[in-house]
Each structure stands twice: as structure tokens, then as C-alpha cells.
Amino acid sequence: MTPAPSGPVCAGASKAANGRAAFASYPSFTSYVRARGPVLLRTARSLTANPSDAEDLLQTALTKTFMAWERIEDHRALDGYVRRALLNTRTSQWRKRKVDEFACEELPEPVGLPESDPAERQVLHDAMWRAVMKLPDRQRAMVVLRYYEDLSEAQTAEVLGVSVGTVKSAVSRALGKLREDPELSPVR
């Protein structure tokens, strides 16, 4: 955590300061932040679930404190002032948050096929692999590279040293043989 800047942070801040004296340097503020920063950070962490959000929250509260430094009469009550700024800032953030979830009477479950049984998926996987193993070597290599290794047609052609057209026609014939395999007929 870094102390608040001693000068304007952006052009808008320097324009806002034109009506009064430019931001003064407050050595007492800097020493306060160094001394009490860890304690105030623990307070901010108790208000948020995320440590990064807590740091942002504390930085915002310290900025508000810095802006009001001249108006704070009793510097012995600074912790209370900063805690109040933490709470007010957190409450404002909470109120501004967008609600993306709405309560409803029925859960919106997707309509479709129920989740398949893992044992059935394994049986299908094994049947598919047996069918692939029945293919001729060249077709099997192309099917494995295209669909198991997820290579493009051009990448498969490059790996096997053949043309893209050869890959397309061989894969097409291999898929035709897989469609005709009797062991895979229950899948259709």
C-alpha cells in the first residue's frame, strides 16, 4: 500500500485545485498511513472477501481522508474517520452492484438428453476405438491425427507427407467405414 500522492494525480485534479491552493503536502498524513495502514487494511479485509478489493477499498477511503485532511479537527479520532469512510464506501459499492441473478419458482434446467452414464460412455469409447483399429493403417493414421489429435487437414497432410486432397478422401472413406461398423450401430 502506497501513501496518497502529494500532488495532483491527473489534469482534472489540478483544474479542481485552481480555486484554492494547490494540494498541500501533509507529512502528518503520510506518517499516519505508514503507522496505521496495516491495521486499516485488516479492517478493509473484514469488509470484503477479496484481498485486492480490500486494498482498493482502503485506498479509496484514504483518498477521501486526504481530501478532508484540513477539515478534520481531532486527529486522535482518525481511525474512526477512516473506518467510517471504509464502511460508507463499501456500502456505496454494494448498493451500486448490478444484480445478475433473479429468484424464480422453477430452476431453469436445460431441456435435452440426460447426462449419460460414465460406464456407457466408456463402452462407447471402447467400441469406437475397436472400430478405428479395424481401419487400414493409412486411414487409421489420418483419422487419429484429424480427430484424436485435432490436427487440421493441412497439418495432417504435412505430418504424413501427402496432399490435402489425399487426406480429405481417405478420411471420408474411413468415416464411411465407421458408419457401417455393426458395433457402432446402437449409437445411431
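**Helical architecture, aromatic pairs and salt bridges**

Asp-150 is found in the loop between H6 and helix H7 (153-160), where helices (H or I, at least four residues) and strands (E, at least two) are DSSP runs numbered from the N terminus. Although Asp-150 is not a glycine, its phi is positive, at about 60°. With a relative accessible area of 65%, Asp-150 is exposed; the term exposed denotes over 50% relative accessible area, buried under 20%, and partly exposed the range in between (1.4 Å probe, protein chains only). The structure is a predicted model, in which local features need pLDDT of at least 70 and side-chain atom pairs count only at pLDDT 80 or more, whereas totals for chains, interfaces and linings use all residues. Residues are numbered from 1 along each chain as its sequence is written, and side-chain values use heavy atoms, with hydrogens and water left out.

The secondary structure of the protein comprises 8 helices and 0 strands, which follow the pattern α-α-α-α-α-α-α-α along the sequence. Of the 188 residues, 26% count as buried. The accessible surface comes to about 13,600 Å², of which carbon and sulfur atoms account for 55%; accessible areas come from the Shrake-Rupley method with a 1.4 Å probe, and for residues only the protein chains shown count as cover. Among contacts (heavy atoms within 4.5 Å) between residues at least 6 apart in sequence, 53% join residues at least 24 apart.

A search of the whole structure finds 4 aromatic pairs, a pair being defined by rings of Phe, Tyr and Trp (its six-membered ring) whose centres lie within 6.5 Å, with planes under 30 degrees apart counted as stacked, over 60 as edge-to-face and the rest as tilted. One of these pairs, formed by Tyr-32 and Trp-69, is tilted, at 6.4 Å centre to centre and 45° between the planes. Because Tyr-32 lies in helix H2 (residues 27-47) and Trp-69 in the loop between helix H3 (51-67) and helix H4 (78-96), the pair ties together parts that are 37 residues apart in sequence. Tyr-32 is buried, with a relative accessible area of 10%, and Trp-69 likewise counts as buried, at 5% relative accessibility. The rings of Trp-129 and Tyr-148 have their centres 5.1 Å apart and their planes at 75°, so this pair is edge-to-face. It links distant parts of the chain, with Trp-129 in helix H5 and Tyr-148 in helix H6, 19 residues apart. Trp-129 is partly exposed at a relative accessible area of 35%, as is Tyr-148 at 36%. Phe-29, Tyr-32, Phe-66 and Trp-69 form one aromatic cluster.

Trp-129 and Tyr-148 also belong to a nonpolar surface patch of about 470 Å², together with Met-128, Met-133 and Tyr-147. Patches are made of residues with over 30% relative accessible area and no salt bridge, like charges being joined within 9 Å and nonpolar side chains (Val, Leu, Ile, Met, Phe, Trp, Tyr) within 5 Å. Helix H5 (118-133) and helix H6 (137-148) each supply at least two residues of the patch, and the largest share, 3 residues, comes from H5. Met-133, placed in helix H5, is partly exposed at 42% relative accessibility. Arg-146 lies over the face of Tyr-147, at 5.3 Å from the ring centre, a charge being taken to sit over a ring if NZ of Lys or CZ of Arg is within 6 Å of the ring centre and within 35 degrees of the ring normal.

Side chains of opposite charge can pair when their charged atoms come close. The structure holds 6 salt bridges, each defined as a side-chain nitrogen of Lys or Arg within 4 Å of a carboxyl oxygen of Asp or Glu. Glu-183 is partly exposed at 30% relative accessibility, whereas Lys-134 is exposed at 54%. Both residues are part of a network of salt bridges that also includes Arg-130 and Asp-181. In helix H6, Arg-140 and Asp-137 lie 3 residues apart, about one turn of the helix, and form a salt bridge whose closest N and O atoms are 2.5 Å apart. Arg-140 counts as buried at 19% relative accessibility, whereas Asp-137 is exposed, with a relative accessible area of 57%.
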